[in-house]
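Dear colleague,

I am passing on a structure that is new to you, together with a short account of what was found in it. Please find it below.

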Amino acid sequence: MEYALQSFELTRNFGSFCAVDQVDLKVERGAFYGFLGPNGAGKSTTIKMLTGLLAPTSGSIWVLGQDPRNAEEAMVMKSRIGVVPEDLALFDNLTAAEYLTFVGRMHLIPQGVLQSRIEELLALLDLAKDGSKLTIEYSHGMKKKLALAAALLPDPDLLFLDEPFEGVDAVASRIIRKLLTNFMHRGSTIFLTSHVLEIVERLCTHVGIIVSGKLVEQAPMAELGSGGTLEQRFLEVVGTDAGETPQLSWLGDAQA
Amino acid sequence: MLWMRRRILVNRMRRSGKLSNVVFAGLIVLGALASIASFVFAFWFGVDELQESSPGVIMAVWLGISLLFAFFWFLGLLTELQRSDSMSFKNLLHLPISLGWVFLYNYFSSFLSISMVLFLPGMIGLSMAMVWNAGASMLLCFLLVLGYLGMVTAVTYQLRGWLAKMMEDKRRGRNIVMGLTFFIVVLAQVPNFLNMATSDERMERSMHEHQLIMKTLETKGAEKEAAQKELDAFQLQKAERAASQQRLINLATVSIPLGWLPYGVRASYEGRIWISLLCAFGMFALAGLSLRRSYRKTLAGVVDGGPVRDIAKQEDSRVKAGPRKPMLVERHLPWIGEQSSAMTLMALRALLRAPETKMMLLGPVIMLGLFGVMVSNNDLEGRLFWAPMMTLSAMAMSLLSLQQALQNQFGLDRDGFRAFLLSPVPRDIILLGKNLALVPLGIGVGLVALILVQVVLPQDITHFLGGIFQLLSAYMLVSLAGNFLSILWPMRLKGVGMKAAGGQGTAFLVHFLSILLVPIALAPLLIPWGAELYLDSLGWLGGAPVYLMLHIALFAAAFAFYRWCLKRQGALLQRRELHILETLTREG
């Protein structure tokens with residue numbers, strides 16, 4: 001089997017705190033991999049290490065057959081991936097078109113192609129009307145959309161998306177979902193983190209669940225949960241009793 | 001609410017660590033000592049020096065204090081603007097409480113400032129000295145001081161609220177902070193410029209008076225009489241000038257509210273109690289009006305919501321569709337590759353839009369202004385010999401004032417630095433782009449300095465041309481040093497401006513020391529001048545443009561050195577980029 005992404009005993013410590021603990025990821029080429037976990041479980045830390053935005057404490061990573069620890073291979077890897085990081089990589093003083101032009105030229109996309117791709121992306125993501133705005137003036141959702149546009153622009157083989165739907169309105173969210181599905185269907189790979197389990201369930205072909213830094217589940221969506229929903233399986237793995245009814249003493253019994 | 005404030009303070013101190021808390025405690029002790037010293041000094045000064053003084057002198061002393069306080073208070077406004085209220089209205093609006101006292105709490109919290117710690121005890125001390133010197137009527141000083149502080153703080157609080165409201169639009173907010181900083185820096189430099197511009201005239205007048213006095217002493221008879229007459233006329237003119245200045249000051253103190261404290265003190269000292277009371281009343285009235293208006297505006301602002309968007313402007317920008325001009329970031333630069341071109345133009349575009357750049361340019365403008373005033377006030381004809389030295393000094397001075405950007409290349413990128421990390425681009429290209437983006441500022445300002453020196457001290461054309469090559473070499477050397485500092489000691493900047501965020505002591509120290517070392521690093525660029533002088537002293541020069549030729553040779557050497565270093569610096573950047581990212585984006 002050919003993997004787009006693999007990690008072996010990937011670990012990251014912050015002082016005495018272990019944020020990611022010996023994670024072994026295996027993401028097949030052409031998969032839509034949903035990476036789930038509760039808040040503070042280590043999802044963003046993992047994605048940062050996979051994309052070269054954070055150095056692992058130990059362990060190894062292979063992205064599209066390249067070892068990011070090797071300077072030359074890291075460059076090859078970066079030319080073939082697209083990333084929407086948790087903390088976005090935008091410049092305050094540029095407009096969307098300027099930022100995308102910069103990203104495209106750094107990927108050596110020919111000028112004519114670049115211009116038409118930018119126009120398409122801005123129109124599709126509803127950013128064209130704010131052409132004169134600087135990114136510092138953007139809302140969080142607009143920034144996410146711009147980051148996604150930048151990630152898609154170089155036509156990558158592998159897309160890393162850290163909470164791409166956060167703060168994005170319903171219309172844009174639908175467009176993004178369709179874009180990502182098409183992207184996967186033509187053979188590219190997506191590695192996505194999201195808190196919205198319904199989206200993951202609807203889009204992803206594979207799922208990994210991380211809890212307290214440890215990868216506790218990794219399987220194709222079809223094999224996961226043996227008949228139950230993703231939410232049930234997730235709550236089971238995370239250790240919360242899905243059947244338990246939350247109560248507040250002064251509000252009374254919710255079931256009563 | 002007070003419990004909540006206390007908890008926030010305690011939690012913040014817990015997070016800050018022991019060293020920070022010790023420093024904080026030290027600052028509080030220092031502040032208390034300064035406060036006591038201010039009180040004691042003001043009281044002593046009032047009793048000892050002002051006991052026999054005229055009302056005019058007393059007013060001048062109070063005028064000085066009140067203007068100094070107003071200036072420092074206004075300086076504090078800049079810091080205040082970048083800090084949220086002690087209790088945010090927005091966090092309390094959903095609670096069933098009256099917000100009036102929250103407003104007052106925030107207003108009185110704004111009193112906790114260095115200006116107040118230093119000036120209030122001093123004003124109290126001086127008021128007590130006034131009572132000591134002139135009796136119970138001077139008790140009005142306390143009322144006047146209270147009114148003055150109330151007026152200044154309330155008006156600035158209103159101004160702060162208004163500016164803070166405008167700053168909710170982030171783009172405008174940055175421009176406001178920069179504009180205010182610009183205004184304050186220029187305001188602080190005004191006395192310097194005035195002093196330098198008028199020092200010659202004052203010196204001349206003083207010399208002339210001295211000569212007249214000497215003449216009256218050294219001559220006899222009719223000559224002495226004529227000299228005496230001339231001296232009397234001169235001194236009369238001087239007295240008239242002083243009286244006219246005094247009238248102007250009186251008029252200003254009566255008509256500008258900032259002068260009501262000194263004018264009220266003077267009136268009280270002269271026994272005009274009603275005038276003094278009127279001054280106090282005027283200041284209290286202004287304070288009350290400002291606070292009332294500020295409260296209403298604050299509430300209205302909170303209830304109305306965020307900034308009003310300029311819909312008309314937005315729609316206007318939509319209409320302007322059509323054949324578009326190529327953007328700056330789309331253009332191509334000659335001699336360098338596609339990626340270097342993109343990097344340079346993107347960085348330049350961002351720099352030109354950043355208000356920080358305009359602020360940064362203020363440094364060289366002030367420096368060149370002072371330099372211009374200085375050289376125009378001196379007879380430099382005999383100093384043509386030193387022209388090459390002055391050229392390099394002016395260049396170094398200009399480049400030094402851009403050091404904040406040169407030696408912290410990625411500081412202004414903030415989160416954008418991630419985009420460099422994710423780019424499939426050799427890191428030397430990123431550095432080259434960064435260096436080239438600063439060329440219009442660095443070389444531009446240096447060229448202005450070069451032309452300025454040429455205008456003041458016209459040199460041989462070969463020297464002027466040599467200066468241009470010298471400037472290019474200097475820029476390359478300074479850029480290389482800046483790259484090293486940017487890679488090894490990057491500094492995180494505050495939200496707005498070029499100021500480094502706290503907790504970066506080592507990097508700050510290294511950056512500061514490196515500024516001191518710049519002149520030494522540029523010293524080799526004086527070799528052509530030294531060589532020319534040496535050859536001239538041996539009589540071997542024979543009109544050859546040695547200065548220019550050596551500078552061209554030095555430029556070639558500097559260029560080769562730059563290219564050699566850049567590759568290595570690129571590799572170093574790649575090794576250090578995660579560390580830089582961590583530094584630039586660390587929170588708190």
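How are H20(B) and H23(B) oriented to each other: roughly parallel or roughly antiparallel? This is a predicted model, in which local features need pLDDT of at least 70 and side-chain atom pairs count only at pLDDT 80 or more, while totals for chains, interfaces and linings use all residues. Residues are numbered from 1 along each chain as its sequence is written, and chains are lettered from A and ligands numbered from 1 in the order in which they are written.

In chain B, helix H20 (residues 461–488) packs with helix H23 (residues 546–585) at an angle of about 15°, the axes being 8 Å apart. H20(B) and H23(B) are therefore roughly parallel to each other (angles under 35 degrees count as such; they run from 0 to 180 degrees between N-to-C directions). Helices here are DSSP runs of H or I with at least four residues, and strands are runs of E with at least two.

Chain A holds an open sheet of six strands in the order S6-S7-S8-S4-S9-S10, with mixed pairing; two strands pair if DSSP finds at least two bridges between them. Its edge strands, each pairing on one side only, are S6 (81–84) and S10 (214–220) of chain A. From one strand to the next, the twist averages 15°. Strands S4 (residues 32–36) and S9 (residues 206–211) of chain A pair in the parallel sense over four bridges. Phe35(A) has Gly208(A) in S9(A) as its bridge partner.

Yours sincerely

Methods:
Angles under 35 degrees count as roughly parallel, over 145 as roughly antiparallel, 65 to 115 as roughly perpendicular and the rest as oblique.
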